[in-house]
Amino acid sequence: MRLKTYVVNNMTEAIPKIKRDLGPDALILNTKQIKTGGYLGFFKKAKLEVIAAVEPAPSESKRVVSIKPEIQASEKEMDVDSELNKSVSPIDKNEGNLDELMSELKSLKQFMFQVIDEDRLPETLKALNKKLNAQGITAEVQSEIMAKLMLVLEQHPNTSEDKIKALAKREIIKLINAHKKRPSRRKADIICFIGPTGVGKTTTIAKIAADYLLSEDKKVGLITSDTYRIAAVEQLKTYAGILNIPIRVVESSVDLSAAIDDLSGCDIILMDTAGRNYQQKQYIDDLKQMLPDKKEIQINLVLSLTAKYEDMKKIIDNFQTIVMDQLILTKKDETSSSGAILNLIYHYSIPIRYIANGQNVPDDILTVTPELIANFVLEEDEND
């Protein structure tokens with residue numbers, strides 16, 4: 001075995017050097033933080049020492065430790081996390097560096113996937129990789145999923161594409177469960193729906209109102225402050241008439257407080273707001289002035305899945321001064337890309353409550369589950 005030690009600032013700096021010197025089959029044997037340089041014992045800099053190795057002969061094992069024989073994939077469901085655990089030496093565990101080493105191993109796998117040429121991917125992963133790219137999933141999220149699947153293929157090289165797809169679905173569900181935050185259960189005097197122009201807030205509110213009324217037998221009241229568009233007020237009034245629920249139109253925070261008092265007999269109050277360009281913080285300040293500070297208000301941000309993910313991020317980032325309780329995503333039926341759903345869960349702690357997938361009231365709205373999102377990303381039937 002050929003060994004080489006590197007002193008670097010981080011793993012990102014180490015990987016290209018290891019690949020250049022030892023080739024793509026090199027293994028990371030150990031990493032540790034060290035102090036270097038300085039003068040008379042002072043001003044030393046923190047560095048990372050990385051020990052890598054490669055086997056000179058193809059016939060020799062490429063692993064640091066032997067792995068116990070595994071039952072074939074057809075006889076036992078593979079757990080990707082257990083494959084990661086098996087690749088750690090007992091010596092590393094005794095040294096108390098397990099968490100650090102596992103983190104480095106995962107970083108290595110993710111980095112290697114990001115720099116690898118797609119043509120060098122195993123055949124069983126190429127179709128999945130192409131699908132995740134088409135879905136618009138960020139490189140960070142995609143790397144986490146694919147790195148674990150590549151590790152499975154190292155242990156089980158004959159795994160079929162169908163089995164890989166099933167494992168990919170499991171990994172996506174596990175990733176969602178690891179990052180998602182439970183929807184707020186606190187009682188709110190009012191649920192306020194905000195979002196950019198044209199995302200379908202009014203229709204979405206009507207769907208949710210119908211669901212509370214028909215499925216949960218709640219008494220619902222409606223408020224709209226969207227006086228900028230007469231059509232929006234009339235649309236919500238039409239829905240209120242069909243559902244036989246009260247509605248109030250407000251133009252100021254004083255009007256809003258009075259409307260909430262008028263609807264105090266309702267179990268739930270849903271409020272529509274004017275669609276604005278929330279990439280401009282001025283409109284967020286205007287919204288804050290409208291909302292009364294003495295009421296429990298749940299904020300639901302409505303975004304369209306037809307929007308670019310970078311635009312979604314900018315809107316969410318601009319709302320740092322307002323606590324958003326939930327996200328609602330619309331227009332699923334108007335796009336073939338679902339990657340933004342997974343990206344939002346991975347990068348933000350805001351729970352996604354509903355996904356709207358059409359214009360029909362009250363039918364075209366779905367309660368979000370990890371399984372539903374995984375099916376969307378992998379383009380499977382919602383009932384699979």
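Q: Which residues of E5 lie on one side of the strand, which lie on the other, and are they buried or exposed?
A: This is a predicted model. In a regular strand the side chains alternate between the two faces of the sheet. One side of E5 carries Val 220, Leu 222 and Thr 224, and the other carries Gly 221 and Ile 223. Both faces are covered, and these residues are all buried.

Q: How many of the residues of strand E5 are buried?
A: Strand E5 spans residues 220-224 and is mostly covered. Buried means under 20% relative accessible area. The count for E5 is five of its five residues.

Q: How many bridges join E5 to strand E7, and do the two run parallel or antiparallel?
A: Strands of a sheet pair through backbone hydrogen bonds, either parallel or antiparallel. Strand E7 covers residues 268-272. Five bridges join E5 to E7, and the two strands run parallel.

Q: Which residue of E6 is the bridge partner of Thr 224?
A: Thr 224 stands opposite Asp 272 in E7. E5 also pairs with strand E6, residues 247-249, in the parallel sense over three bridges. In E6, the bridge partner of Thr 224 is Val 249.

Q: Which residue in E3 is the bridge partner of Lys 32?
A: E2 and strand E3 (residues 45-54) pair in the antiparallel sense. Nine bridges hold this pairing. In E3, the partner of Lys 32 is Glu 49.

Q: What is the C-alpha separation of Asp 25 and Val 54?
A: Asp 25 lies in the loop between H1 and E2. At 44% relative accessibility, Asp 25 counts as partly exposed. Along the chain, Asp 25 and Val 54 are 29 residues apart. Their C-alpha atoms are separated by 6.5 Å.

Q: How many nonpolar, polar and charged residues are in the contact of H7 with H14?
A: H7 and H14 make a right-handed crossing. H7 brings Lys 169, Ile 172, Ile 173, Ile 176 and Asn 177, and H14 brings Pro 370, Glu 371, Ile 373, Ala 374, Asn 375 and Val 377. By class, there are seven nonpolar, two polar and two charged residues.

Q: Which residues of H12 and H13 make the contact?
A: Helix H12 (residues 309-318) and helix H13 (residues 339-347) pack at about 35 degrees, with their axes 11 Å apart. H12 passes H13 in a right-handed crossing. The contact residues divide into five nonpolar, two polar and no charged. They are Tyr 309, Met 312 and Ile 316 of H12, with Ala 340, Asn 343, Leu 344 and His 347 of H13.

Q: Is Asp 217 buried or exposed?
A: Most residues other than glycine have a negative phi, and most peptide bonds are trans. Asp 217 has a positive phi of about 55 degrees. Its place is in the loop between helix H8 (201-214) and E5. The relative accessible area of Asp 217 is 68%, so Asp 217 is exposed.

Q: What is the omega of the cis peptide bond between Val 361 and Pro 362?
A: Pro 362 lies in the loop between strand E10 (352-356) and strand E11 (365-367). A cis bond joins Val 361 to Pro 362. Its omega is about 5 degrees.

Terms used
Residues numbered from 1 in each chain as written. Predicted model: local features only at pLDDT ≥ 70, side-chain atom pairs only at ≥ 80, totals over all residues. Heavy atoms only, no water. Buried < 20%, exposed > 50% of the residue type's maximum accessible area, 1.4 Å probe, protein only. Helix = DSSP H or I, 4+ residues; strand = E, 2+ residues; numbered from the N terminus. Pairing = 2+ DSSP bridges. Left-handed = near helix turned anticlockwise from the far one by under 90°. Contact = heavy atoms within 4.5 Å. Nonpolar A, V, L, I, M, F, W, Y, C, P; charged D, E, K, R; others polar. Axes fitted to C-alpha atoms, helices over the stretch in contact; angles between N-to-C directions.
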